[in-house]
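Try each task first, then compare your steps with the solution.

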Amino acid sequence: MGCAGDLLSVVDHTLRKFLAGHWFESSFWIMLAVAAYVYSYEFDRGVEMYKFGAAGWPRVIIILTFVAAVGQLIHQLLTRDESVVISGVKVHTTTVAPPVLAASSYVRLGMILGLPIVYSAFLEHTGFYFTTPIFLVVYLFVTGERRPVWLIGVPALIFVLVSVIFTRLLYIGLPIGYWPGFYDVGNWFVVLLRS
């Protein structure tokens, strides 16, 4: 019983040092992934040339989101340091009051969690080829990236790779949008990639 009690004590101590924001963010992504997976049965139907059906690729992305959220939770639990550096001096956290988060950090967290939802809401209307580059740049900026080379280079690389893989190699149609103007841009991009 002593060994089990020690283990429970270590687990309890580890969970207590985890910030409320970490719990909220991890549980949000885990619940979103579970809800999306359940919802994927609503539009799952057979596709003649694709054995995994219409929900195949969305389920892969949903499962990857779930795994990433659980992995992030585990990583934060294992790497959380019990000391902080104040004015260059390392101080044990038990001697310091927990940090008070500013309202701006809650706004930033809300934007980080809300941007993917806004992106998915507009994706069908404005199309992948218009919405994705903007989303990637804004998301990187909100998460703290300020270097112009990374703000432009990383989204451009991701956008080009995904576009070429799906549109040219797999010949799977990505949403091109149906709002006037967006449809034309998306359609032009598909024709450009497939020619």
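Helices (H or I, at least four residues) and strands (E, at least two) are DSSP runs, numbered from the N terminus. This is a predicted model, in which local features need pLDDT of at least 70 and side-chain atom pairs count only at pLDDT 80 or more, while totals for chains, interfaces and linings use all residues. Residues are numbered from 1 along each chain as its sequence is written, and side-chain values use heavy atoms, with hydrogens and water left out.

**Exercise 1. Get your bearings**

Task: Work out how many helices and strands the chain has, and in what order they run.

Solution: 
- Step 1. The chain has 7 helices and 2 strands.
- Step 2. Starting at the N terminus, the order is α-α-α-β-β-α-α-α-α.
- Step 3. Of its 195 residues, 24% count as buried; buried means under 20% relative accessible area, exposed over 50%, and partly exposed in between (1.4 Å probe, protein chains only).
- Step 4. Now take the contacts (heavy atoms within 4.5 Å). Among those with a separation of 6 or more, 57% join residues 24 or more positions apart.

**Exercise 2. Find the buried face of α5**

Task: Which residues of α5 are buried, and what do they pack against?

Solution: 
- Step 1. The buried residues of α5 are F128, Y129, T131, T132, F135, L136 and V142.
- Step 2. Looking down the axis of α5, these residues fall within an arc of 165°, so they line one face of the helix. The arc is that of the directions from the helix axis to the C-beta atoms.
- Step 3. Their packing partners are α4 (103–126), α6 (148–169) and α7 (182–194).

**Exercise 3. Describe the core**

Task: Which residues have the most contacts inside the largest nonpolar core?

Solution: 
- Step 1. A nonpolar core is a set of buried Ala, Val, Leu, Ile, Met, Phe, Trp, Tyr and Cys residues joined through side-chain atoms within 4.5 Å.
- Step 2. The largest one has 16 residues, and those with the most contacts inside it are Y119, F128, Y129, F135, F159, L174 and F189.
- Step 3. At least two residues come from each of α4, α5, α6 and α7, and α5 gives the most, with 5 residues.
- Step 4. Leaving aside residues up to four places away in sequence, F159 touches F128, Y129, T132, P133, L136 and F189.

**Exercise 4. Compare two helix pairs**

Task: At what angle do α4 and α5 cross, and at what angle do α6 and α7 pack?

Solution: 
- Step 1. Axes are lines fitted to C-alpha atoms, for helices over the stretch in contact, and angles run from 0 to 180 degrees between N-to-C directions. Angles under 35 degrees count as roughly parallel, over 145 as roughly antiparallel, 65 to 115 as roughly perpendicular and the rest as oblique.
- Step 2. The axes of α4 and α5 cross at roughly 175° and come within 9 Å, which makes α4 roughly antiparallel to α5.
- Step 3. Residues in this contact include M111, L115 and Y119 of α4 and F128, F135 and V142 of α5.
- Step 4. For α6 and α7 the angle is about 75°, with the axes 10 Å apart, so these two helices are roughly perpendicular to each other.
- Step 5. Among the residues making that contact are F159 and V164 of α6 and F189 and L193 of α7.

**Exercise 5. Buried or exposed?**

Task: Are Q76, W188 and Y171 buried or exposed?

Solution: 
- Step 1. Q76, in helix α3, is buried, with a relative accessible area of 13%.
- Step 2. W188, in helix α7, counts as exposed at 53% relative accessibility.
- Step 3. Y171, in the loop between α6 and α7, is exposed at 55%.
- Step 4. Look at the backbone too. Most residues other than glycine have a negative phi. Y171 is not a glycine, yet has a positive phi of about 55°.
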